[in-house]
Amino acid sequence: QVQLVESGGGSVQAGGSLRLSCAASGGILSRYDMGWFRQAPGKEREFIAVIRWSGSSTTYADSVKGRFTVSRDNVKNIVYLQMSSLKPEDTAVYLCAARRIAYGPYNYWGRGTQVIVSS
């Protein structure tokens, strides 16, 4: 059973940056594709980014492309989401997730970390 714990959230002004971390335990992170999602109040969960198990490929939602960067350290079992040029509309709870099968459903989810961007 893989456990995922996000950290690094907080409050920041528009234009600022944050780096989120997702620490994994109970499994070998390198076996999983890792995704980042976010959910704002009253809105559905939104896909943000995914990085393949090897780190060789990444995909981003159009809403964050060019501003967010996902990376991973399979030795430390941590996945990162570097967020720059933050906008108030980026305010949400950010969650990481792991999937065992490429392009399949996500099997494990963290509880999320809150990001608040003020104008």
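Predicted model: local features only at pLDDT ≥ 70, side-chain atom pairs only at ≥ 80, totals over all residues.
Four strands form an open sheet with antiparallel pairing, in the order β1-β3-β8-β7. Its edge strands are β1 (3-7) and β7, each of which pairs on one side only. From one strand to the next, the twist averages 15°. Within this sheet, β3 (residues 18-25) and β8 (residues 78-83) pair over six bridges in the antiparallel sense. Leu20 stands opposite Leu81 in β8.

I turn now to the aromatic residues. A search of the whole structure finds five aromatic pairs. In one of them, the ring centres of Phe37 and Phe47 are 5.8 Å apart and the planes lie at 75°, so the pair is edge-to-face. This pair links strand β4 (residues 33-39), which holds Phe37, to strand β5 (residues 46-51), which holds Phe47. Phe37 is buried at 9% relative accessibility, whereas Phe47 is partly exposed at 29%. The rings of Tyr106 and Trp109 form a tilted pair, because their centres are 5.9 Å apart and their planes are at 55°. Ring pairs join Phe37, Phe47, Tyr106 and Trp109 into a cluster. The charged end of Arg45 sits over the ring of Trp109, 4.1 Å from its centre.

Finally, I come to Arg67. This residue lies in the loop between β6 (58-60) and β7 (68-73). Is Arg67 buried or exposed? With a relative accessible area of 12%, Arg67 is buried, because the cut-off is under 20%. Its side chain reaches the backbone oxygen of Ser63 at 2.9 Å. Beyond its neighbours within four places in sequence, Arg67 is in contact with residues including Gln82, Met83 and Asp90.

Note on methods
Residues numbered from 1 in each chain as written. Heavy atoms only, no water. Helix = DSSP H or I, 4+ residues; strand = E, 2+ residues; numbered from the N terminus. Buried < 20%, exposed > 50% of the residue type's maximum accessible area, 1.4 Å probe, protein only. Polar contact = N/O pair within 3.5 Å; in protein donor to acceptor, adjacent residues only side chain to side chain. Contact = heavy atoms within 4.5 Å. Pairing = 2+ DSSP bridges. Axes fitted to C-alpha atoms, helices over the stretch in contact; angles between N-to-C directions. Phe/Tyr/Trp six-rings, centres within 6.5 Å; stacked < 30°, edge-to-face > 60°. Lys NZ or Arg CZ within 6 Å of the ring centre and 35° of its normal.
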